[in-house]
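Q: I am new to this structure and would like to learn how to read its features. Could we go through contacts, cores and charged pairs in turn?

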Amino acid sequence: PDKNWEDIALPMTDPSEGLISFQEALRERKVAVQPCDLDKDLSVHMDQPTPGTIRLTYCRIVGGEVRALVMFVRAEPIDGLPCFQVGYAVPEAHRNQGLATSTLQSAIAELVHGMKRNGVTKFCVEAVVGTGNLPSLRVAEKVLTHDRTEATDEFSGEPATQFVGVFPA
């Protein structure tokens, strides 16, 4: 029988999968990165995974290995402000070293810098984190905002926590 795909819950998006895919694409030279303006240890790659969807991928690369990755995807505005949904990941071997926090902080500073160049004075960054992902919850609270909203992930139906930080450009 035909399935109604709208009724099938997908798992929550896992940025670690994006990190693995990005690492493979980098190794195979399918993507190119540029050095960032403010943090010289950070690189950026911009693409459009679907027409009209802008994605910025910031990463720390050491010896060809991605040590931390932050992805911003343009989303619907929040309270009239431009908004980016964010995901971040660190390979298991490099966790518990503050890399997610420092890379997210630097990536947001780079985003603020770029938005300012384009005349944008304020924007939002939204993270939707699974309630069981304690390390990612701590990162979002440190970097984005202490304010959190309990939510349900729209794709998986799993319990989640939403963080929306507002950043001046």
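Q: Which residues does Tyr88 touch, not counting residues up to four places away in sequence?

A: This is a predicted model. In it, Tyr88 touches Pro15, Leu69, Val70, Ala100, Leu104, Val129, Ser136, Val139 and Ala140, once residues up to four places away in sequence are set aside.

Q: Which residues of the largest nonpolar core touch the most other members?

A: The general idea is that nonpolar side chains tend to be buried together in soluble globular proteins. Here the largest nonpolar core has 31 residues, and those touching the most other members are Tyr58, Phe72, Val86, Tyr88, Leu104 and Leu144.

Q: Which elements each supply at least two residues of this core?

A: Among the strands they are E3 (55-62), E4 (65-78), E5 (81-89), E6 (122-130) and E8 (159-168). Helices H2 and H3 (134-143) also supply at least two residues each. The largest share comes from H2, with 8 residues.

Q: Now the charged pairs. How many salt bridges does a search of the whole structure find?

A: Side chains of opposite charge can pair when their charged atoms come close. The search of the whole structure finds 6 salt bridges. One of them joins Arg117 and Asp37, whose closest N and O atoms are 2.8 Å apart.

Q: Which parts does the pair of Arg117 and Asp37 tie together?

A: Arg117 lies in helix H2 (residues 99-117), while Asp37 is in the loop between strand E1 (34-35) and strand E2 (43-47), so the pair ties together parts that are 80 residues apart in sequence.

Q: Is Arg117 buried or exposed?

A: Arg117 has a relative accessibility of 55% and counts as exposed.

Q: What is the N to O distance in the salt bridge of Arg55 and Asp47?

A: The distance is 2.6 Å, N to O, between the side chains of Arg55 and Asp47. Arg55 is partly exposed, with a relative accessible area of 24%, and Asp47 is partly exposed as well, with 21%.

Q: With which residue does the side chain of Glu141 meet in a salt bridge?

A: Glu141 pairs with Arg148, at 3.5 Å from N to O. Glu141 is partly exposed, at 26% relative accessibility. Arg148 is partly exposed at 37%.

Notes:
Residues numbered from 1 in each chain as written. Predicted model: local features only at pLDDT ≥ 70, side-chain atom pairs only at ≥ 80, totals over all residues. Heavy atoms only, no water. Salt bridge = Lys/Arg side-chain N within 4 Å of Asp/Glu carboxyl O. Helix = DSSP H or I, 4+ residues; strand = E, 2+ residues; numbered from the N terminus. Buried < 20%, exposed > 50% of the residue type's maximum accessible area, 1.4 Å probe, protein only. Core = buried A, V, L, I, M, F, W, Y, C linked by side-chain atoms within 4.5 Å. Contact = heavy atoms within 4.5 Å.
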